[in-house]
Amino acid sequence: MDFTINFGAINLLIVFGATVAANLLGGIWYSPLLFGKPWAAANNIKLGEQGMQNAPFTFVTAFVLQLFAASMIAALLGPNSSGGEGAQLGTLVAFSFVLTAMGITNLFERRSLTLILINVSFHVVAFGLMGFIIGEWS
């Protein structure tokens with residue numbers, strides 16, 4: 001198997017933009033406007049009553065991890081791709097790896113199906129969005 005990735009061909013500005021978009025999506029996804037209330041209920045969290053411990057570390061680390069994911073999507077996608085190809089790749093990666101890994105872990109942690117579906121579906125949409133942006137702008 002000949003599998004080579006040219007990391008020098010990755011446009012870091014586009015990857016950064018895709019990461020920002022995915023993080024903005026997360027802010028909306030987990031807000032009370034969409035899935036924040038059922039997510040909080042599934043985690044036994046009462047919205048507004050308790051602040052997140054070490055929030056800056058959590059948000060910065062989450063951004064860096066999302067940046068890594070976007071970089072890998074860009075590396076797998078390669079240059080001269082379309083937005084549709086990027087969306088397909090991002091969605092396929094999320095279904096293949098994120099859904100399976102999170103599904104297995106969450107099942108053993110006895111998380112509710114609601115929580116699993118909210119979290120996994122976020123990543124499927126976010127990876128598809130990042131892939132679309134990377135493919136469309138590269």
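Helices α1 and α3 each give at least two residues to the lining of the second largest pocket. The structure is a predicted model, in which local features need pLDDT of at least 70 and side-chain atom pairs count only at pLDDT 80 or more, while totals for chains, interfaces and linings use all residues. Residues are numbered from 1 along each chain as its sequence is written, and side-chain values use heavy atoms, with hydrogens and water left out.

**The two pockets**

A pocket is an open set of points on a 1 Å grid over the protein atoms alone, where a 1.4 Å probe fits and where protein lies on both sides within 12 Å along at least five of seven lines; its lining residues have an atom within 4 Å of a point. Points are joined across faces, edges and corners, and the volume is the space filled by probe spheres set on them. Helices are DSSP runs (H or I, at least four residues) numbered from the N terminus.

The second largest pocket has a volume of about 180 Å³. It is lined by 14 residues, of which Ala-9, Ile-10, Ala-74, Gly-78 and Pro-79 are the closest to its centre. When this lining is sorted by class (Ala, Val, Leu, Ile, Met, Phe, Trp, Tyr, Cys and Pro being nonpolar, Asp, Glu, Lys and Arg charged, and the others, Gly among them, polar), it holds nine nonpolar, five polar and no charged residues.

The largest pocket has a volume of about 880 Å³. Its lining is made of 24 residues, and those closest to its centre are Tyr-30, Trp-39, Met-52, Thr-58 and Phe-59. Two or more lining residues come from each of α1 (12-29), α3 (55-77), α4 (83-108) and α5 (113-137), and the largest share, six residues, is that of α3. By class, the lining of the largest pocket has 13 nonpolar, 10 polar and one charged residues.

**Aromatic rings**

A pair of aromatic rings is described by the distance of the centres and the angle of the planes. Rings of Phe, Tyr and Trp (its six-membered ring) pair if their centres lie within 6.5 Å, and planes under 30 degrees apart count as stacked, over 60 as edge-to-face and the rest as tilted. In the whole structure, a search finds five aromatic pairs. How are the rings of Phe-16 and Phe-63 placed, and what are the distance of their centres and the angle of their planes? The centres are 5.5 Å apart and the planes stand at 65 degrees, so this pair is edge-to-face. Phe-16 belongs to helix α1 and Phe-63 to helix α3, so the pair ties together parts that are 47 residues apart in sequence. Ring pairs also link Trp-29, Tyr-30, Phe-35, Trp-39 and Phe-122 into a cluster.

Glu-109 forms a salt bridge with Arg-111, and their closest N and O atoms are 3.2 Å apart.

Between these two in the numbering stands Arg-110, which lies in the loop between α4 and α5 and has a positive phi of about 60 degrees although it is not a glycine. Asn-80, found in the loop between α3 and α4, has a phi near 60 degrees, which is again a positive value in a residue other than glycine.

**Accessibility and contacts**

Buried means under 20% relative accessible area, exposed over 50% and partly exposed in between (1.4 Å probe, protein chains only).

| Residue | Relative accessible area | State |
|---|---|---|
| Phe-16 | 41% | partly exposed |
| Phe-63 | 22% | partly exposed |
| Glu-109 | 43% | partly exposed |
| Arg-111 | 37% | partly exposed |
| Asn-80 | 72% | exposed |
| Arg-110 | 77% | exposed |
| Gln-66 | 9% | buried |
| Val-124 | 12% | buried |

Contact means heavy atoms within 4.5 Å. Gln-66, in helix α3, touches Thr-19, Ala-22, Asn-23, Phe-122, Ala-126, Phe-127 and Met-130, when residues up to four places away in sequence are not counted. Val-124, in helix α5, is in contact with Thr-91, Ala-94 and Phe-95, leaving aside its neighbours within four places in sequence. Val-124 and Gly-90 are 34 residues apart in sequence, while their C-alpha atoms are 7.5 Å apart in space.

Methods: Salt bridge = Lys/Arg side-chain N within 4 Å of Asp/Glu carboxyl O.
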